[in-house]
Structure formats: C-alpha cells, structure tokens
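Visitor: I am new to this structure and would like to learn how to read its features one at a time. Please show it to me first.

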Amino acid sequence: IAKEETIDIKALILKYSQYWYYFLLAILFCVFIAFLNNRYTVPEYSVSTTLLIRDDNNTQLGAENLLEGLEIFSGKKNLKNEIVILNSYSITEKVIQELNLGLSYFQHGLFQTHELFDNSPFIVKLDSTHNQITGVEFEVIIINERSFQLSASIKDRHPYNLISEKFNKTLLANIDINKEYQFEEEITSPYYSFKISKSIFFQADKIKDAGKTYSFKLHEIDKLAHNLINNIKINPINKETSILKLNIKASNPRKNIKILDKITDIYIRSGLDEKNIMAINTIHFIDKQLNEIQDSLSYIENQLEVFKLQNPNLDIVDKEFGTYFQKQKLDNTLSEQSVNIKYYKSLLSYLQNDNNASSIVSPTSMGISNPELNSLISQLLQLYAKKGDLQLTTTEKNPAYQAVLSQINHTKNTIIENVTNLISSASIYENDLRTRINSFKKNIKQLPEAEKKYLILKRKYQYNEQTALYLQQKRYEASLAKAGTESDHKVIDPARLDSDKPIKPRKSLSYFIAIIIGIFIPIAFVSLRDFFSDTIHSKTDLENTTKIPILGLVGHSDKATSMVVATATKSII
C-alpha cells in the first residue's frame, strides 16, 4: 500500500530557516529597489471634473413612450451623444490651440524629467509660415541672462507645416545642432525657424536657472489630439443621473486641470453658440446692412453740406404735415418693407442652395410677426440638431437617420413655398408704396428748384437714417436675446485633484510587493537547488525515494578536522 504523501510544515520551516541570511539579503535588496523606484519615478496624479448634461427624457415627441426599449428612442441616447461630442477631435483641437499645448517644455534632473506648464523660464516663438521639426527634443542649457546653448540630433525627419498640418515630403532633415545663441535671436534653417525669449519665470540673475538643462518639443496636432482623446476618460457617475465625470491621469496635475476646465468651457460655449445661432446670424445680417446704410448716410450728408454752402440764402421750413411729411412716412414704411424682402430672399437662398441651417436668421428677430414661418424654422433647426446627433452614433442607412432627412426635406419645401408667397405679397405691397411715393414726388417737383433739390437730398438722408435706426433697434433686441441665453449644461465641480497623494507610484504597495518578492526569491532558489540536487542529505531522502531498509547512519562533521575526539572528548560522537 502506497504511503499517502503529506507536507511537513515544521520540516519546511526548519529547512528554510537555515538560510535566513538569504531572506534578509533578498528583502533588503528588493526594498532598496522599491525605494529607488518611489524616489525617482515621476508621480502621476488623477484629476477630475463633473458636468451636468441636460436630460431630454421629457422633451421628446411621443413615439419613444410606446417604443421605450428601442435604443434609437431612448432618452439616455442623448448622454452617449454628449460623451462623443465632449471627447471629439474638434473640441480637443480647440483645447490644444487655446492652451498652446502644441509645444511642450521639460526640465531635466539626474534621474527625473518634469514637464513644465506655464512656468518655463523661456518661451519658444515659432514662425508659423515656416517649416518646423516635430517629435524631436531641442535641449536648452541657460548660460547666463543673455545666452543659452541649443543642441539637438535630427535624424530622417520631414519638416512639418503648421498651417496645413502636413509634412513636407520634399525635405529630409539629418543634422546635429550644438551652438550658443542669444535670447531673441532668430534661429533658422530650411527645416525650422524660431526664436527663444525669456519668460517672467526667468531668474538667471539669481543663478537659479543657470546650468540647468531644459528642453522643448513641438508636437503634430493630429497625433497630440488623438493622444489626449485616449487619455481623457468620460463616464456617467451612475445609471440614474445625467452627470458625467471627466478624468485624466498624468504627471502634470496643473496642466490637466487647465485641460479639463478648457474642455468643459469650450463644450458649454459651443452649446450656447448653437442656441444663439439665430441671434448671431441676425446680428451679422444687420451689421452688413448697417455698413451699407452708413456709407450712404455719409455720402448724402456730404452732399447736403455742399448744397448748403452753395445756397447760403436757402430758407426751407420743414413742417410735420402736407405732402413732404406724408411722403416721409411712406419712405419709412418702404425701408422696413425693403429689409423684410431682403430677409425673405436671403432665407430662400439658404434653403434653395441647401446651405447649412445654422445660417438661418429668425423672422421674429427681424421684426416680422409670422407665427407659421417662425414655427417652421424652429422645427427645421430641431430636425438639423437631431440629424447632427444621429450622425455621431449611426450610419446614413439607419432608418431613424433616413426618417429625419425626409422630415427635413418636407419642412424645407414647406418653408420655401411659404417664403415664396411672402416675397410675392411683400413685393406687391412694396410696389404700391413706390407708386404712392411717386405721386408725392410729382408734387414736390413743383417746388422751386433749390428747395426741390434740398428736399430730395434730405429725403434720401432721412430715409437712410430711419432705416439705420430701425436696424439698430433690431440689432439691440437680438443682442439682448443672445445675452439672456443660458446654457443647458453646467459644471458642477471644477477640475481638481482627486487626492493629494499620487496614484503612481503607490509607495506602500511598492514596499509590500518588494517584501513578498524578497521572501519568494530565496524560497524559489532553495527549492530549485534541492529539486535538481543528486546528493543524499538525510535519512528521509532515502526513505522517500527507495524501499531499501536502512541498517545505520554514518555521522558527518562540518569541522576542518575529522579528529573530533581530540577536541570534543565528551561529545556524542
């Protein structure tokens, strides 16, 4: 009957305890390595911000109430869309541009390299019209308050065009730079062009920066944007709320706080711009009309001044009754009608040419009271917004996307028909006004020649003046509407450190792992040595491997001499 194999814990402990010095050395060595790792690893911190997203659950049209299970009608679909928008390339690119992240600055120590953000002792000013080298660190050693040493090794690099954001494949840089330059000196070659200026943090006069090693590196915008997108994690804080948490884990917490704050700022700003698109377009449209009117006003005003100088004895009394006054009132009405017709034609042009709906100006903001047209335009903008959301998460063949396109086409055709009728009726009214004005002109022509010319000039001036006042009033109303718009989303907590303690390296965990490894290495070493050993060390080795009966044992001495009796007469031997 085979003996059941058992593990003798006591024997194992006694066996490994003989090699206690191995354990001590291994633990000390591993703890020392952990200490070096903790001491010289650049700390990494976690930075987060929270953002409240408007929930569209209560603003949908009704079909979703019957088909709640379908994803395309789910209210939470809005939250997924907003995550995609927040982490989109367009927003990330704006963050890079507004924070000037395309250039990175570093300070080098003996074992650590720290990225500098808004505290570099120098600033690199690039010539945006010239080729530049990306992905290569230019080393800067500040010599004194006037000069610095610049060095770099550039191997097989195509220069980068900052404007087109593409590489110039016709040039290939293979150069080594190691030269002293002055601050503000132009540093140029076919592959790069820049100058280095001192910043407000430059303190060479205190010998603080002198002798330190710095470097800077220019990034490709496309690659930098994608890296930033991958580093930013955006997730709902739980399933029941529409609050998103944005998080970055990296070594420069101040930089990451600025990045997260800028992302939420641009996102909220974009949302406001989208809501204010009608007011913004109205202001742009009115500004364009005002520029034309102001030019006319200046020209006619000059003509009036010249006419008065040429006719110093002219005495015309303007009265608020009679032919001239009635004609002036009709001129004011005609100016308003002309602006309205221009608006209708502008709106018709946008729709017929299939331009972006973001260019549409609200009729209400132009003083046109037409509830039907205003409702149709509002409906069209909502459909375009819905189309934009679906483009981020679905394909063009998706039934929901095709349904929205069909609704957009139907709504546009309805608006075009409506606007065409409005242009027709407004043109008839405009022609009627012109006919009535012409009848008053005939009466004015009967006046003396000098008075007649003066009245004609004054009529032109007042016509343009009234039009300008009307447009200014509408611009003011549009500005008020724009200023009163509030964002649907808001930042709950600005970006900040999740903890003052770095997430990497975790010192306690490093020391714990070091101790575990320090214990495991001697155990593994002793176990492997015994496993591959072909030497019989004890009676147990024979009993475990053979069935040969044991008659007796021969003692073994580790002493240098085998004559044990002479030195230890009373020993057991």
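Visitor: Which residues form one aromatic cluster?

Guide: Tyr105, Phe122, Phe138, Tyr192, Phe194, Tyr214 and Phe216 form it. Before going on, note that this is a predicted model, in which local features need pLDDT of at least 70 and side-chain atom pairs count only at pLDDT 80 or more, while totals for chains, interfaces and linings use all residues. Residues are numbered from 1 along each chain as its sequence is written, and side-chain values use heavy atoms, with hydrogens and water left out.

Visitor: What describes a pair of aromatic rings?

Guide: The distance of the centres and the angle of the planes describe such a pair. Rings of Phe, Tyr and Trp (its six-membered ring) pair if their centres lie within 6.5 Å; planes under 30 degrees apart are stacked, over 60 edge-to-face, and the rest tilted. The count by this rule is 19 aromatic pairs. In one of them, the ring centres of tyrosine 22 and phenylalanine 525 are 5.7 Å apart and the planes stand at 70 degrees, so this pair is edge-to-face. Tyrosine 22 belongs to helix α2 (residues 20-40) and phenylalanine 525 to helix α13 (residues 507-532), so the pair ties together parts 503 residues apart in sequence. Helices (H or I, at least four residues) and strands (E, at least two) are DSSP runs numbered from the N terminus.

Visitor: How is empty space found inside a protein model?

Guide: Rolling a probe the size of a water molecule over the atoms shows where empty space is left. On a 1 Å grid over the protein atoms alone, a cavity is a set of points where a 1.4 Å probe fits but cannot get out, and lining residues have an atom within 4 Å of a point. Grid points are joined across faces, edges and corners, and a volume is the space filled by probe spheres set on the points.

Visitor: How many cavities of 30 Å³ or more does a search of the whole structure find?

Guide: The search finds two, and the largest cavity has a volume of about 50 Å³. Its lining consists of Leu103, Leu126, Gln132, Ile133, Phe138, Tyr192, Phe194, Phe216 and Leu218. By class, eight of the lining residues are nonpolar, one is polar and none is charged. Here Ala, Val, Leu, Ile, Met, Phe, Trp, Tyr, Cys and Pro count as nonpolar, Asp, Glu, Lys and Arg as charged, and the others, Gly among them, as polar.

Visitor: What should I look for in the backbone?

Guide: Most residues other than glycine have a negative phi, and most peptide bonds are trans. The peptide bond from lysine 504 to proline 505 is cis, with omega near -10 degrees. Proline 505 sits in the loop between β16 (490-497) and α13. Asparagine 100, not a glycine, has a positive phi of about 55 degrees. Asparagine 100 is in the loop between α5 (89-99) and β2 (103-108), and is exposed, with a relative accessible area of 59%. Glutamate 165 also has a positive phi, near 60 degrees, and is found in the loop between β8 (160-161) and β9 (166-167).

Visitor: Which residues does lysine 245 touch, not counting residues up to four places away in sequence?

Guide: Contact means heavy atoms within 4.5 Å. Lysine 245, in strand β15 (residues 243-250), touches Ser48, Thr49, Thr50, Lys233, Ile234, Asn235 and Ile237. The C-alpha atoms of lysine 245 and threonine 50 are separated by 4.5 Å, although these residues are 195 apart along the chain.

Note on methods. 1 Å grid on protein atoms, 1.4 Å probe; cavity = no way out; pocket = protein on both sides within 12 Å on 5 of 7 lines; lining within 4 Å. Buried < 20%, exposed > 50% of the residue type's maximum accessible area, 1.4 Å probe, protein only.
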